[in-house]
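This report describes a structure with the sequence at hand. Please inspect both before reading on.

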Amino acid sequence: MTDSAAPPILPPRQTYASVTDQLASIPLHFPTRRRWLIALCIASALFGLLCVSAAVLFTEGVGIWGINIPVNWAFAIHNYVWWLGIGHAGTLISALLLLLGREWRNSLNRFAETMTLFAVICAGIYPVLHLGRPWFLYWMFPYPSTMKVWPQFRSPLEWDIWALLTYLIVSTVFWYIGLIPDLAAARDRAHRRRWQVFFGILSLGWRGSALHWLRWQQAYRLLAALAVPLVVSVHSEVSLLFAAGTIPGWHSTVFPPYFVLGAAFSGFAVVSMIAVVLRAMFDLRNLVTDQHLDILGQVLLATGLMTAYGYVFEIFDALYSGDAHDIQTLTNRFTGQYAWSYWGAIAFNFVALQPLWWRSVRRTPWMLFAISTCVAVGMWLERYMILVTSLYRDFLVSSWGEYHPTFWDWATYIGTIGLFLLPFLLVIRLLPVISIFETKEVLHEEHREPGHGK
Amino acid sequence: MRREHSSFDLSRARAAAAAGGKRFWTCLEELLDEDGFRAWMAGEFPAAVPLFEEPGRRQFLKLMGASLLLAGLTGCGDNRAEEALPYVNQPENLTPGVPRHYATAVLFEGYAQPVLATTYDGRPTKLDGNPDHPAAHGRSDAFMQAAIFGLYDPERSKIPSRARAPTTWEAFAGELEKLRTRWNERRGEGLRLLTGDTTSPTLIRQIRQLQQQLPMLRWHRHEPIGHANIPEGMRLAFGRPAMPQYRLDLCDVVVGIGHDLLGPGPRQVLHAGQWTRRRGEIAPGQGRQRLHIAESTPGLTGVVATTRLACDASRLPLLVQALAASFEIPGWPAPALEDDERAWLERAAGELRKSAGKSLLTVAPQLAAECHAAAAAINERLKNNGMTVWYSEPLHAVPEKEETLTALCRDMAAGVVDTLIIVDSNPVYTAPAGLAFAQGLEQVPHRIHAGLHFDETAQACGWHLPLHHALESWSDARAADGSMTILQPVIRPLYASRSLHQVFDMLAGIHDPPADGAVRATWRDAFGKDFDERWRRALHDGFVADSAAEPLTLTATAAPPFKAPEAAGGEIDIVLGPDPTIWDGRFANVAWLQELPKPLSKATWENVIAVSASLAAAQGLAQGDLAEITAGERRVRGAVWIMPGQARRTASLAFGYGRRSGGEIAQCGGYDAFALQSAERQGFARGTIRRIEGKAVIATTQAHHRMDGFDFVREVTAEDPALPSARTAKTLYPDWPAADHAWGMVIDLDRCIGCNACVAACNVENNVLVVGKDEVARGREMSWLRVDRYYTGDIESPRSYFQPVPCMHCEDAPCEMGCPVHATTHSPEGINQQVYNRCIGTRTCSSYCPYKVRRFNWYDYRKRDEASRAAKNPEVTVRSRGVMEKCTYCTQRIETAHAQADKEGRALRRDEVVTACQQACPTQAIVFGDLKDPGSAVSAQRASGRHYVLLEELGTRPRTTYLARWNDTPGEGEG
């Protein structure tokens, strides 16, 4: 993506100190209090909506949603997949690009990881909410019960809970370890006692000694090496939630790669959105440069096209198999009651993507933001399509049904956006949103040998 | 502790006793309240000390409160409380928790439906057909299954009332005393009695006796659906009333004109059993029974017929006329027929002739009496009389001309009716609108209603008396074949109700009649000197031996000349018929019958207006549109249902809905089709239909009905009688460890008539909950067993199919693989089990299930269905919110059989376990048993060439499999 002829990704006229000052001062001397407060209010309101929805859900039962037989999975599962997919981009940016030595990621990885963390939390509440009897969630875990009953390890749901928890733990630890040097930097620049103690405790006594850096490098890279395969395994596993069932439209071997690519696609879209917003909000054009947006646009285009390949292959698969039920499901997707979700997904994911072939579009923040939003919506429609269009008409014509989301379906979903935004806003308020030391690393590389990235 | 004695002071003691008033004292020290005594008390009986302390205000209030509460308790209930004591001497053969079975009957249009009631500790929980009964053979229908919910209906009338105010039976007896004096003076003039059809010898005897006392008393009969034209037709044919009795099992050819022989009604079980015997006996191409049906509204018989003609209701008499003409019945000229009608008729007539002596012609009960006479004459010519049809005395008391509802309405309007006693009938709702019964009733000074519900008629009457449910009362009745059943109570009356016979005893002047007095009196005469023995025998067996109706020797030679009326152009035919699940509204307050899908439309909780596709297209009507039907002055509004196979210019309406009173559930919706009923012609009207503003959500359990080129229901023909044998799918999974038995089920689609008996039986047996119309509309019905209905071919004359779908109990079950917590597992005997208390409700099993037979408790449906609480089967867990449930092959019955076999130290007998659906099925379409036993019925079925597996290509290896339907339609099948 970057070649030797490419210009340095960060403007060269910056010193280490200026970068540190600029980034560490964001939490210490928060610049846009008003806008942040408004955003926080909205996020809190949405979060409140989630709490109300959950309370109603737990008192009444999952009947408050529009699900039924045959569509007994809908919003809860499809939003779970969507959120988890978004989360994957953070890990990919941080871990995969770290291991590949792509330093341009250093400007993006912090908030991408933060996004991952909260997206995974949003995803993580769904498997609990969606249960008929959520208070027995712990039966999914292999604890020594007196009845000697174990979970059923053949079930994709069982793998799911492990995948999710592993992913949550690894992303949290990875995020936190990556944060330590910056926490120390913030501690050193803090003037007020409260901030000093806060950052002091969090930075775990980091003094920046060579030994610290050595250990840190080892730990960070080790975790990165752990996290990268997780992205692939977790979302492959999520796809098995569907592929393991016999339902036409689900029962396909293309699902794991199709889901992983779709996840990366939607995740990069959300990273682009956040990058554009943060850059504007905190005036970080010198650190999140047009070049960064350009690269993000390219990645978005690439993952989008790979996802499109999945679509093509799904159609081919159904037609080539000649299976009447598969073809029926395909026809239903094209022309059935939920055809809007299929064509919506095509339009938002792939048609809206095409302007990214142009460099100027990729480098125009608002255009990148608009396209990314389209992709996030498109991927949401795609998950909806995969779930609902397969279930609403499966094998026996007699059991065909319909699904209509209710108020509570929407309330729960919109509420999770609050669950995502609220902690995210707190993090950008309290912690450096861009990795200070890693940005300086890039600067260092650039100063030493211009034309970095090789 | 030693007590300190001080000297005794008499005067002080006297003063203390006087001052203390009525205070109790046990010893002198206490009386004197000495400190020493207190100290001794505290040491010796520390717990008693507070008793001696001055009761404070709080203490007083507490004690008073408690004693008031306790005093209240003594007022609870009647003297039943004393019987709630545990048994001191355990009665023999009564073990708590072990069910007992009683043979009795429930009533349907006056006919006995013989049942075997299962009771747990005095509480009936399930009714099944009486296996020993000659008419039922252990089979049942949906109404019989649901009668248990009628018993426990919380909205049943509980107490007598006068002008809507609660009163007592004694008050009624007092009132009766006065009325009786007047009746006696006037010898019963102005006194009228109105009942439904009845076959009860006791009731008939009681009324006849009353008529002897009061000669001017007139007894009117009103049966809303009614078969009044049949005995009338027989009178025309034979000169005396009679009832034709069919022997479908002896027929090679049956031609039915508008007659839904296998459809719901008191004779469904009888006819279905006969039909099955013939259907199952002979292989196709070797003289299989051929069934030719012409009908205006698709019925169950039409679904299984060899040929079916969709014919407008007004043209059905023309078919009879044409048939009569072709058999040269004098006075019946040949009418002009349309091409398809003529083709059908010629084939039918030809086959009737060819199989003379082994053929049968039946016509719809609602057709004119002349048509019935013609049918009798044709059957006579075919020498079918005495073979496939014979005639008996009418089983019910046939009303004379002056004893009809029409005569009563005329007299009421004329003001000559002084007292009207309406027993177990709801004419204010069910009387034809043309008779203006309700207006007439207002002219009657004394109106007395006795019934199970405080319904429309009860509201219009001064007195209302609650009646026993059939399961609470002593009574008697005749089954469809004429055999007598003595009804015995299987539960003590739940409310302050009395039986029908007690009410009539009261009318006859007996003040406090015993519950079984009248019935015993009837049978004491009938049984003669060995009464005790025969009475006990009859109660035990559930019927009186050899009491079936006797054939009459009758010969019909001619029918009165008849010419079917020509239908006027422009208007459409309107057919009014009973609802297949709530009949004429008498079962309307049973939630389970409301939620039972109508066999063909699969609609629940309401009636629809069924129209043909071409009529809908002509009127611009779409499914669910609201439409108004106008017949003369009368009109109703309802939701449109486009019914495949409906006759082109006929709209079919169902009775039973649009209730204005009678219970919350009964008043759930729909339209009142009785409002269109004219006084002259039952079940038929002419009128128009037009679209009106609005659209209704019809809660159906099956929205799609085309097989779309799939082969869910397979067919075989005479040319190609065998399907390819089942493939053995290869699997990576090892076989399950095998036990001694491998349960399996085979459902014969050739026998299924879609009657819903299996579904109803399953619901009752397995405590399946009712969810209500909204939830059904959202696709959340709970029935474990559904009867799918499919169509192929042209929408105007489609081929229809029924397919019952319970859990398939797959060997390689997708659901078992999906559950994360082992809540659905495979039993060693091959049952796909659902462990309710382990289920956490991920619904993965249902998502993965290719047959979508699993049902989920989206809410706590127990709260919504409290009415059926007492009817719950204690052997089956009632499922709570958030758990999945589904067919278990009645695992409780399998386990009971195992336990019984273990107790007796033997192996399970062949075909010992019978599932609820199998037990109920009137056509024996469902066979369950051990696949490991090569001699079992289910193994034999599996070896049939018609055996196939639903969605075999998925490799789920189901334990429930199907037998394909025979297609013997000419031109398509065997020809």
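B:A163 lies in the loop between β4 (161-162) and β5 (165-166) of chain B. Here helices (H or I, at least four residues) and strands (E, at least two) are DSSP runs, numbered from the N terminus. The model is a predicted one, in which local features need pLDDT of at least 70 and side-chain atom pairs count only at pLDDT 80 or more, while totals for chains, interfaces and linings use all residues. Residues are numbered from 1 along each chain as its sequence is written, and chains are lettered from A and ligands numbered from 1 in the order in which they are written.

**Backbone features in loops**

Although B:A163 is not a glycine, its phi is positive, at about 50°. In chain A, A:K148 is likewise a residue other than glycine with a positive phi, near 55°. A:K148 belongs to the loop between α4 (109-129) and α5 (156-189) of chain A. The two residues are listed below with their phi values.

| Residue | Phi |
|---|---|
| B:A163 | about 50° |
| A:K148 | near 55° |

Are these residues buried or exposed? B:A163 has 9 C-beta neighbours inside 10 Å and therefore counts as exposed. A:K148 is exposed because 6 other C-beta atoms lie within 10 Å. The scale calls a residue buried if 20 or more other C-beta atoms lie within 10 Å of its own, exposed if 12 or fewer, and partly exposed in between, with C-beta atoms placed from the backbone.

Another loop of chain A, between α2 (33-60) and α3 (75-99), holds A:P70. The peptide bond from A:I69 to A:P70 is cis, and its omega is near 15°.

**Chain B and its domains**

Chain B contains 30 helices and 37 strands. Of its 975 residues, 54% are buried. Among the contacts in chain B with a separation of 6 or more, 74% join residues 24 or more positions apart; two residues are in contact if their C-beta atoms, placed from the backbone, lie within 7 Å.

The domain assignment divides chain B into domain 1 (10-53), domain 2 (161-226 + 398-468 + 494-511), domain 3 (229-392), domain 4 (572-695) and domain 5 (715-726 + 739-966). These bounds come from an automatic or database domain assignment.

Taken over C-alpha atoms, the centres of domain 3 and domain 5 of chain B are 36 Å apart. Their contact involves 16 residues from domain 3 and 15 residues from domain 5. On the domain 3 side, α10 (268-281) and α11 (300-304) of chain B each supply at least two residues, and α10(B) gives the most, with seven residues. By class, this side has 10 nonpolar, five polar and one charged residues. Ala, Val, Leu, Ile, Met, Phe, Trp, Tyr, Cys and Pro count as nonpolar, Asp, Glu, Lys and Arg as charged, and the others, Gly among them, as polar.

**Chain A and its contacts**

Between the chains, 37 residues of chain A are in contact with 42 residues of chain B. The chain A side of this contact comprises 20 nonpolar, 12 polar and five charged residues.

Within chain A, the axes of helix α10 (residues 324-335) and helix α13 (residues 365-391) come within 10 Å and cross at roughly 120°. Axes are lines fitted to C-alpha atoms, for helices over the stretch in contact, and angles run from 0 to 180 degrees between N-to-C directions. α10(A) and α13(A) are therefore oblique to each other; angles under 35 degrees count as roughly parallel, over 145 as roughly antiparallel, 65 to 115 as roughly perpendicular and the rest as oblique. A:T329, A:N332 and A:R333 in α10(A) meet A:M385, A:T389 and A:S390 in α13(A). This contact has one nonpolar, four polar and one charged residues.
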